[in-house]
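Subject: Structure for your review

Dear colleague,

Please find the structure below, handed over for your own work. A summary of the findings comes after it.

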Amino acid sequence: MTGRDPGGRRRGRVEAALFGISVAAEMAGMHAQTLRTYDRLGLVTPARTSGGGRRYSDHDVELLREVQRLSQDEGVNLAGIKRIIELTGQVAALEARVEELTAETARLRARTATAGRELVPFEPGNAVVVWRPRTGR
């Protein structure tokens, strides 16, 4: 089964261990009913069995502990915690995208270098760049 990222979306990697609700509740130091409430509110959404049973990953248990910490130690309400989880997921997605773009830039630099050309950084400002297509080919 796949786990979920901080935003509640499915992650691609398969989790090694999945726990039933009672085990996950004990690991997180919570009551099982609290986990059901968090699931219903969309804070921590575990994987499901074909019969609908909840299966919590190690990541889900870590997230449950973080929800508890934010609530009890930081005084953040559940709506605020949900937003924090969503934003954490967005940041992770953006960081992954930056890595993709950095790799693509490196690939393009290498490809243009082997062709005897160079990528020139463009500095926005008042400069006007004139481009003319090559003729005579």
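The model is predicted, so local features need pLDDT of at least 70 and side-chain atom pairs count only at pLDDT 80 or more, while totals for chains, interfaces and linings use all residues. Residues are numbered from 1 along each chain as its sequence is written, and side-chain values use heavy atoms, with hydrogens and water left out.

The chain has 4 helices and 5 strands (DSSP runs numbered from the N terminus, helices being H or I of at least four residues and strands E of at least two). Along the sequence their order is β-β-β-α-α-β-β-α-α. Of the 137 residues in the chain, 26% are buried (under 20% relative accessible area with a 1.4 Å probe, protein chains only; exposed is over 50%, and partly exposed lies in between). Among contacts (heavy atoms within 4.5 Å) between residues at least 6 apart in sequence, 51% join residues at least 24 apart.

Helix 3 (residues 58-72) packs against helix 4 (residues 78-114) at an angle of about 135 degrees, with the axes 10 Å apart. Axes are lines fitted to C-alpha atoms, for helices over the stretch in contact, and angles run from 0 to 180 degrees between N-to-C directions. Helix 3 and helix 4 are therefore oblique to each other (under 35 degrees is roughly parallel, over 145 roughly antiparallel, 65 to 115 roughly perpendicular, and the rest oblique). On the helix 3 side, Leu63, Val67, Leu70 and Ser71 meet Ile81, Ile84 and Ile85 of helix 4. By class, this contact has 6 nonpolar, 1 polar and no charged residues (Ala, Val, Leu, Ile, Met, Phe, Trp, Tyr, Cys and Pro are nonpolar; Asp, Glu, Lys and Arg charged; the others, Gly among them, polar).

Asp39 lies in helix 2 and, at 10% relative accessibility, counts as buried. Leaving aside residues up to four places away in sequence, Asp39 touches Val44, Thr45, Pro46, Arg48 and Arg54.

Yours sincerely
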